[in-house]
Each structure stands twice: as structure tokens, then as C-alpha cells.
Amino acid sequence: PGAWLCYAARTRHVAPRAGDLDSQAHLTGILAPVDQAEASAFALFGDAPRSIAELARDVALGDSPAALLPGHIDLMRIDSLYGKGPRVLMTLRAALESAPPEARARPVLIDCCPMLGVLSLVGVFAADRVLVPVSTDYLAGRGARALEHTLKALEPVLKRRVERRYVLTRFDTRRRMAHRIETELREREAQ
């Protein structure tokens, strides 16, 4: 989904910046593979963090330019190496806010792992809005409910409401479960 969102933003004549916080690094694998963790978002964390400007790679979305903060498999070690404290959770937000004004004016799309872990929380803490793709099956519905509870619990910590939208994927009109999950998400958004 991350690559498609970047491309969609680009078709609206916006040169997006993208951050790949998924340790599987699918977005990076599609746009600009990296071999070493020190050349990825992993290098934002630690004792001698690098800036996004140093790490970002220029990539092409069709015939249009964009910038990518690449992901790497070593991102899965962030919580075991650096913990889950406020310094880690605010790392990406601080890095984005320290970017030059012309870079801050461009939208940033952050691709996170679907599991709710420290990297997903780093993404939430850095985000103004959260877009959650939800497959219309039972386990994905449960995951969306768990994420909703987490976001509500984080709002007092963040001192703001986390704006969010859910996007249904793999919707099959013949399945009752698909309609049940759609109804549940619509009711939740109405609250």
C-alpha cells in the first residue's frame, strides 16, 4: 500500500516524502533497496543519529521524483536495542520537524508494519493522520479494534486526537464477514 499511496500523491502533483518503518522493507525493496542498516531509518536511532536529509534517497515514481527514507530488516531490533521510551517514540517526529522548511511543506507517508509494536508507535507519534488498511476478515477486524483502543489510549499522552481513516481491502460482497466489518468500522467512525 505504501508505494501506491506515494504514487497517488505524486499524480496530484505533490512530491511526497516516504518513510519505510517496516522491518520487512517492502516499500524500500520496490523503490530503492539498501544493503546496510546504517543507510536506512535504523540510523535515526541510537547514540549518533543521522538526519533524514543524510539518509533520504531520491527515487522515481513513474516519471516523477520523490524522497524515500529506506527501511531495513534491522529495524526489528529497535525496541531491544533502544527500548520503548519517549526518546525512541519521538525520534521520527523530531527528525521530521528538524527538516528544512521546503521539505516540511511536502507530505510524508510513513509505511509501518501491521503489528502494533514500537515502530508502529514511532509512526503514530510522528503522524498527523493515520490511514489503516483493513482486510475484511475476522483477524484483521480484531486488529483494527485493538489499534482503535491503542489510539484512544495514546490521545491523552499526545495531547491531541489522532485523526484516522480505515480503508477496507479485499472486500467481497458475497461474504457476511466483509459486511460486518464494514458496518463496525462505519459505526466506529461515526462516534
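**The sheet**

In this predicted model, four strands form an open sheet with the order β2-β3-β1-β4 and mixed pairing. Strands of a sheet are held to one another through backbone hydrogen bonds, in either a parallel or an antiparallel arrangement. The edges of the sheet are β2 (57-61) and β4, each of which pairs on one side only. On average, neighbouring strands of the sheet are turned by 30° against each other, when direction is ignored.

The pairing of β2 with β3 is antiparallel and extends over five bridges. Which residue of β3 is the bridge partner of arginine 57? The partner is leucine 68.

**The second largest pocket**

The second largest pocket has a volume of about 380 Å³. Its lining consists of 25 residues, and those nearest the centre of the pocket are Arg17, Ser51, Ile52, Ala53 and Ala99. By class, this lining comprises 17 nonpolar, four polar and four charged residues.

| Element | Residues | Share in the lining of the second largest pocket |
|---|---|---|
| β1 | 17-20 | at least two residues |
| α3 | 52-55 | at least two residues |
| β3 | 64-69 | at least two residues |
| α6 | 91-97 | at least two residues |
| β4 | 108-111 | at least two residues |

Which element gives the most to this lining? It is α6, with four residues. The strands β1, β3 and β4, which supply residues to the lining, also belong to the sheet described above.

**Helix α8 and serine 120**

Helix α8 spans residues 118-126 and contains serine 120. Is serine 120 buried or exposed? Serine 120 has a relative accessibility of 8% and therefore counts as buried, because the cut-off for a buried residue is under 20%. Apart from its neighbours within four places in sequence, serine 120 is in contact with Cys112, Cys113 and Met115.

Of the nine residues of α8, eight are buried, so the helix is largely enclosed by the rest of the structure. The buried residues are Val118, Leu119, Ser120, Val122, Gly123, Val124, Phe125 and Ala126. What do these buried residues pack against? Their partners are the helices α4 (78-82), α5 (86-89), α6 and α9 (138-158), together with the strands β4 and β5 (129-135). Among these partners of α8 are α6 and β4, and both of these elements also supply residues to the lining of the second largest pocket.

How values were computed:
Residues numbered from 1 in each chain as written. Predicted model: local features only at pLDDT ≥ 70, side-chain atom pairs only at ≥ 80, totals over all residues. Heavy atoms only, no water. 1 Å grid on protein atoms, 1.4 Å probe; cavity = no way out; pocket = protein on both sides within 12 Å on 5 of 7 lines; lining within 4 Å. Points joined across faces, edges and corners; volume = space filled by probe spheres on them. Nonpolar A, V, L, I, M, F, W, Y, C, P; charged D, E, K, R; others polar. Pairing = 2+ DSSP bridges. Axes fitted to C-alpha atoms, helices over the stretch in contact; angles between N-to-C directions. Buried < 20%, exposed > 50% of the residue type's maximum accessible area, 1.4 Å probe, protein only. Contact = heavy atoms within 4.5 Å.
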